[in-house]
Amino acid sequence: MIRSIPFLILLVAILPFTRFVVGTTIGAKATIVPLVAAASPYVARMVESSLKEVDAGVIEAAQAMGSSAMQIIRKMILPEAKPSLLVGVTISFATILGYSAMAGFCGGGGLGAIAVNYGYYRYDNETMLITVVMLVLIVQFFQEIGSRLVKRIDKRIK
């Protein structure tokens, strides 16, 4: 719950901007703006750390062979960083899924709205439990897919 408080504050704080961008502050369409605003720095940090993991020697070798900057990015940096980027995607997905469930509390729809409207407001603990279990299963499913893809493309893991 502690992690959700900053997102909920952000969601409320940018209501005027959300209204300007999408024309409303209620519903699934209105939660897209705060979700993007909350996830962008997180995803950017993941990408930055993944790209910094690429060995500088590989880049220097490509420069010594006369590769252009775009060739170095496309043929050296991105393939080398792909496993780390994929891990970042799966972690970011879990975080964004959690944010979207919280957005359901503010009228954003989805599993969060089901948990709040049919579980919390009606004191139906079974519905709350089912939605939480579904969220956990969805996260675990995508984490497993991400892990298998990383094992498949990472030449360091055997």
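Predicted model: local features only at pLDDT ≥ 70, side-chain atom pairs only at ≥ 80, totals over all residues.

The secondary structure of this protein chain comes to seven helices and zero strands, where helices (H or I, at least four residues) and strands (E, at least two) are DSSP runs numbered from the N terminus. Read from the N terminus, the elements run α-α-α-α-α-α-α. The chain is more spread out than a compact globule, because its radius of gyration is 20 Å, well over the 15 Å that the globule rule gives for 158 residues. That radius is taken over C-alpha atoms, and the globule rule is 2.2 Å times the number of residues to the power 0.38.

Residues are numbered from 1 along each chain as its sequence is written, and side-chain values use heavy atoms, with hydrogens and water left out.

Let me return to the overall dimensions. Along the principal axes, the C-alpha atoms fill a box of roughly 65 × 40 × 25 Å. Of the contacts with a separation of 6 or more, 61% are between residues 24 or more positions apart; a contact means heavy atoms within 4.5 Å.

How much of the chain is buried? Buried residues make up 28% of the 158 residues. Here buried means under 20% relative accessible area, exposed means over 50%, and partly exposed lies in between (1.4 Å probe, protein chains only). The chain exposes about 10,500 Å², of which carbon and sulfur atoms supply 67%. Accessible areas come from the Shrake-Rupley method with a 1.4 Å probe, and for residues only the protein chains shown count as cover.

I turn now to individual residues. In helix α7 (residues 125-153) we find Gln 140, which counts as partly exposed at 48% relative accessibility. Its C-alpha atom is separated by 36 Å from that of Gly 57, 83 residues apart along the chain. Phe 141 also has its place in helix α7 and counts as partly exposed, at 49% relative accessibility. The C-alpha atoms of Phe 141 and Leu 129, 12 residues apart along the chain, are separated by 18 Å.

Tyr 123 lies in the loop between α6 (110-120) and α7. Although Tyr 123 is not a glycine, it has a positive phi of about 55°. Is this residue buried or exposed? Tyr 123 is exposed, with a relative accessible area of 74%.

Finally, the second largest pocket. Its space is about 160 Å³. On a 1 Å grid over the protein atoms alone, a cavity is a set of points where a 1.4 Å probe fits but cannot get out, whereas a pocket is an open set with protein on both sides within 12 Å along at least five of seven lines; lining residues have an atom within 4 Å of a point. Grid points are joined across faces, edges and corners, and a volume is the space filled by probe spheres set on the points.

Thirteen residues line this pocket, and Glu 53, Glu 80, Ala 81, Pro 83 and Arg 156 lie nearest its centre. Helix α5 (residues 69-105) gives the most to the lining, with five residues.
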